[in-house]
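User: I've got a model to go through. Can you walk me through its layout and packing?
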Amino acid sequence: MNSLYASVWAETLKIRKSKMFILTLIAFSGIAITMGLMVFVSRYPELVGNSAMVGAKASMFKDDWTSYFGLLIMMILTLGTIGFGTITGWVFGREYSDRVVGDLLALPVPRFTIVLSKFITIIGWCFLLSGILFVFGVATGIAVNIAHWSVDSVYHYFVIFMVTSLFTMLLSTPTALVASYARGYIAPIAFTIGTLIVTQILFVGIPNTTQYFPWAIPSLYSGVAGAGGVTPDLISYIILFSTILLGFIGTVAWWRFADQK
C-alpha cells in the first residue's frame, strides 16, 4: 500500500508540473463557457452581425436547460473521448518518449503498482476535467439566464453526465495498451480518433450494431442518440466492461512481461 501511495503521489506530481495539465484545464473550462455564450448569442443574433457561420453555430444551442444539458453530455462524449484518450496516451507514452522507462522500472516498485498508479491518476485527472466542464457549463448557463431552471433536472442530468464520463474515461484502458505497445503517444491519439470516427460511422450507417461497439455504448446510455435510438442491454454492458478489463489486463501484462529496453 505504501508503494502504491508513493507511486500515485509521484504520478500526480508529474502531472501537476506539466503544461499538459494546465492546457486541459483551460480547454475544458473554455469550451464550457463558450457553450453558454453561444446560447446567449442564439437569443440575441444581432450581436454577431453578418457572421453567417457564427449565427448558424449559435442556432444549434436552444435556450432551455434540457437541450443545454444534452449538449453538455454530447460534449463529454466527443471532447471526453479525445481528451481522456490523449491524457492516457500521454501518461503512458511519455515514459518512452522521454526515455525514462528504464529508470522507472529499475525502482523497487512492482510493475503492477506502477500501472495501477497511472490509471488512478488518469481517472482522477479525468474526473476533475468532467467536473470542471459540468460546473463551468452550469455556471455560465445560470449567468446567461437559460430558461426552465430546475434543481431536479440538474441532479438528473448530473448523474447521467458523470456516469457517461466514467464509461468514457474507463474506455481509455485499451488506449494505454496501444501507448505501451507503440512506445509513444502519437499512436494512442490516432487510435482514440479512430474509435470516435468508427462510432460516428456506425451511428449513421448501421445504428443497430452500436449496442455491440464498446465506444458507442456510453452514448446509448446517455440517451443523446434520441428516443428512437437503440437501448443498451446486458450484452452491451458485458462488452463494455470486458473491453475495459481486457485493456487493463493487457497493459499490466505488457509492462510486466514485454522487453522494455
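Predicted model: local features only at pLDDT ≥ 70, side-chain atom pairs only at ≥ 80, totals over all residues.

User: Okay. How many helices and strands does the protein have?
Analyst: Eleven helices and zero strands. Both are DSSP runs numbered from the N terminus: helices are H or I with at least four residues, strands are E with at least two.

User: What percentage of the residues is buried?
Analyst: Buried residues make up 46% of the 261 in the protein. Buried means under 20% relative accessible area, exposed means over 50%, and partly exposed is in between (1.4 Å probe, protein chains only).

User: And contacts: what percentage join residues at least 24 apart in sequence?
Analyst: 78%, among contacts between residues at least 6 apart. A contact means heavy atoms within 4.5 Å.

User: Back to α4. How many of its residues are buried?
Analyst: 26 of its 33 residues are buried, so α4 is mostly covered.

User: Where does α4 bend?
Analyst: At G80, by about 35°. That bend is the angle between axes fitted to the seven residues ending there and the seven starting there.

User: Which residues have the most contacts inside the largest nonpolar core?
Analyst: F69, L72, F92, W125, F161 and W255, in a core of 46 residues. The helices that each supply at least two residues of this core are α2 (19-43), α4 (65-97), α6 (111-143), α7 (151-170), α8 (173-182) and α11 (234-257). The largest share, 15 residues, comes from α4. A nonpolar core here is a set of buried Ala, Val, Leu, Ile, Met, Phe, Trp, Tyr and Cys residues joined through side-chain atoms within 4.5 Å.

User: What does F69 touch?
Analyst: F134, V138, S153, V154 and Y157, not counting residues up to four places away in sequence. There is also a second, separate core of nine residues, which includes F167, L202, F213 and W215.

User: Let's look at M75. Which helix holds M75?
Analyst: M75 lies in helix α4. M75 is partly exposed, at 22% relative accessible area.

User: What is M75 in contact with?
Analyst: I31, M35, G80 and L133, leaving aside neighbours within four places in sequence. M35 and M75 are 40 residues apart in sequence, and their C-alpha atoms are 9.6 Å apart.

User: New topic. At what angle do α1 and α4 pack?
Analyst: About 95°, with the axes 12 Å apart; α1 covers residues 2-16. That makes α1 roughly perpendicular to α4. Roughly perpendicular covers 65 to 115 degrees, roughly parallel is under 35, roughly antiparallel is over 145, and the rest is oblique. The axes are lines fitted to C-alpha atoms, for helices over the stretch in contact, and angles run from 0 to 180 degrees between N-to-C directions.

User: Which residues make that contact?
Analyst: E11, K14 and I15 of α1, with W90, V91, R94 and E95 of α4. They divide into three nonpolar, no polar and four charged. Nonpolar is Ala, Val, Leu, Ile, Met, Phe, Trp, Tyr, Cys and Pro; charged is Asp, Glu, Lys and Arg; the others, Gly among them, are polar.

User: What does α8 pack against?
Analyst: The buried residues of α8 pack against α4, α6, α7, α9 and α11. Those buried residues are T173, P174, T175, A176, A179 and S180. Just after α8, R183 takes a positive phi of about 60°.

User: Is R183 exposed, partly exposed or buried?
Analyst: Partly exposed, at 32% relative accessibility. R183 sits in the loop between α8 and α9.

User: And N145, buried or exposed?
Analyst: Exposed, with a relative accessible area of 58%. N145 is in the loop between α6 and α7. N145 has a positive phi of about 60° although it is not a glycine.

User: Last one. Where is Q211?
Analyst: In the loop between α9 (186-205) and α10 (217-222). Q211 is buried, at 11% relative accessible area. Beyond neighbours within four places in sequence, Q211 is in contact with I217, L220, V230, T231, D233 and S236.

Note on methods:
Residues numbered from 1 in each chain as written. Heavy atoms only, no water.
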